[in-house]
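Please read the points below alongside the sequence and the model.

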Amino acid sequence: MSHIIVCPLSALERMIAQHRPSHLVTVISADMAITRPETIAEGRHLQLHFNDISMRVSGLVAPGEEDMRAILTFAADWDRAAPLLVHCWMGVSRSTAAAYAMACALAPEQDESEIARALRLMSPTATPNRRMVWLADKVLGRNGRMLDAIHDIGRGADCHEGVPFTLALEQVQVPEAPNRSR
């Protein structure tokens with residue numbers, strides 16, 4: 001089964017030990033750096049630095065299109081043999097937006113609303129960063145449907161920090177890889 005695990009920074013070591021992911025996405029502020037865990041091979045840790053903001057704010061770094069392209073490219077290169085783990089500081093906004101974007105990219109035929117509902121089912125606190133979702137929607141050519149789907153599930157429950165969760169790609173009916181041997 002292909003899984004995307006989402007967690008806050010405080011649960012990162014525990015989630016790595018528990019799930020043994022092959023790939024790691026870190027989405028954190030520019031003033032922080034995360035050392036690649038020893039169990040994650042070099043080249044399998046994507047680390048992006050921007051703030052959890054949905055519009056440009058002086059003195060802060062907003063997520064950009066190049067960040068979303070990097071996340072989507074990283075997901076496309078994931079072989080799904082082991083889980084992919086994505087985390088941010090709180091495990092509520094940036095990491096859930098990245099997980100949602102990756103699920104949409106890996107399931108191009110899947111309805112964005114179904115993926116958003118699966119996300120909400122697995123995490124009552126998920127509040128995906130709207131700018132990241134908007135940028136992913138633009139890159140994937142989803143014509144606003146991703147942003148609409150996130151709007152429809154609404155803001156997640158207030159929390160101090162998100163609880164780790166797993167988004168099984170099978171829950172969102174990810175199609176099999178095309179047969180390339182023709």
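The numbered points follow.

1. This is a predicted model, in which local features need pLDDT of at least 70 and side-chain atom pairs count only at pLDDT 80 or more, while totals for chains, interfaces and linings use all residues. Residues are numbered from 1 along each chain as its sequence is written, and side-chain values use heavy atoms, with hydrogens and water left out.

2. Helix α2 covers residues 65–77. Helices (H or I, at least four residues) and strands (E, at least two) are DSSP runs, numbered from the N terminus. At 1.5 Å a residue, the 13 residues of α2 should span 18 Å, and the end C-alpha atoms are 18 Å apart, which agrees; the expected span is 1.5 Å times one less than the number of residues.

3. Asp67, Met68, Ile71, Leu72, Phe74 and Ala75 are the buried residues of α2. Buried means under 20% relative accessible area, exposed over 50%, and partly exposed in between (1.4 Å probe, protein chains only). On the other side of α2, Glu66, Ala76 and Asp77 are exposed.

4. His23 lies in strand β2 and, at 5% relative accessibility, counts as buried. Not counting residues up to four places away in sequence, His23 touches (heavy atoms within 4.5 Å) Phe74 and Asp77, among others.
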